[in-house]
Amino acid sequence: MKTGPTGAAGATGPTGTTGPEWTGLPAGLLKLRRLLLLVWLVPLTVALVVLLAMFVGPGWAAFGVLPLVVLVWGWVMLGRNWRSWRYAERADDLLITRGVLWHEETIVPYGRMQLVEVTSGPLERKFGLASLQLHTAAAATDATIPGLAPAEAERLRDRLTELGEARSAGL
């Protein structure tokens, strides 16, 4: 999915120029995060209802469904967070933007990259995902793009490494 910052492909900026081509994250990341939410909150709800019913009384067991309220809220928030993640490759740097309430935009110049690595834990591999970690000389500009398809993560790693070597040659 490639869209502009406003959701349109190649969105036109205030100066009439075409902005960067933004790429969103695969839906598999959202599925994984929502599955983890279910795995934690459904058993917690069941345990809380049973324990409250046994030790406090059946009327109090209704308070055991509060984790379900958190589950519904978390379900919506995970979707909003997932939609907020975007990255764009430009001529001299990589842009990464994320966040709903606190919007963050990270700009990583290709010439400053020291290490680009692809990682994939057991759950990520099960869902066909990988994360790309960018390391720079300044720890404050390190960046991560989670939940990429492994082929895209490897393509991006190779491209960023190649561009980083080309840009740092003049340093």
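This is a predicted model: local features need pLDDT of at least 70, side-chain atom pairs count only at pLDDT 80 or more; totals for chains, interfaces and linings use all residues.
Local features need pLDDT of at least 70 and side-chain atom pairs count only at pLDDT 80 or more, while totals for chains, interfaces and linings use all residues. Numbering starts from 1 along each chain as its sequence is written, and side-chain values use heavy atoms, without hydrogens and water.

Select residues 27-55, helix 1, and residues 66-84, helix 2. Helices are DSSP runs of H or I with at least four residues, strands are E runs of at least two, and both are numbered from the N terminus. The two helices pack at an angle of about 170°, with axes 9 Å apart; axes are lines fitted to C-alpha atoms, for helices over the stretch in contact, and angles run from 0 to 180 degrees between N-to-C directions. Helix 1 is therefore roughly antiparallel to helix 2 (over 145 degrees).

Now show the side chains between them. Residues including L37, L41 and L48 of helix 1 meet residues of helix 2, among them L71, W75 and W82; contact means heavy atoms within 4.5 Å.

Next, select strand 6 (113-119) and strand 8 (143-148), the edge strands of an open, antiparallel three-strand sheet in the order 6-7-8. Strands pair if DSSP finds at least two bridges between them. Strand 7 (residues 130-136) pairs with strand 8 over four bridges, and L134 stands opposite A143.

Finally, pick E165 in helix 4 (residues 150-168). From its C-alpha to that of R112 is 9.4 Å, across 53 residues in sequence.

Terms used: Angles under 35 degrees count as roughly parallel, over 145 as roughly antiparallel, 65 to 115 as roughly perpendicular and the rest as oblique.
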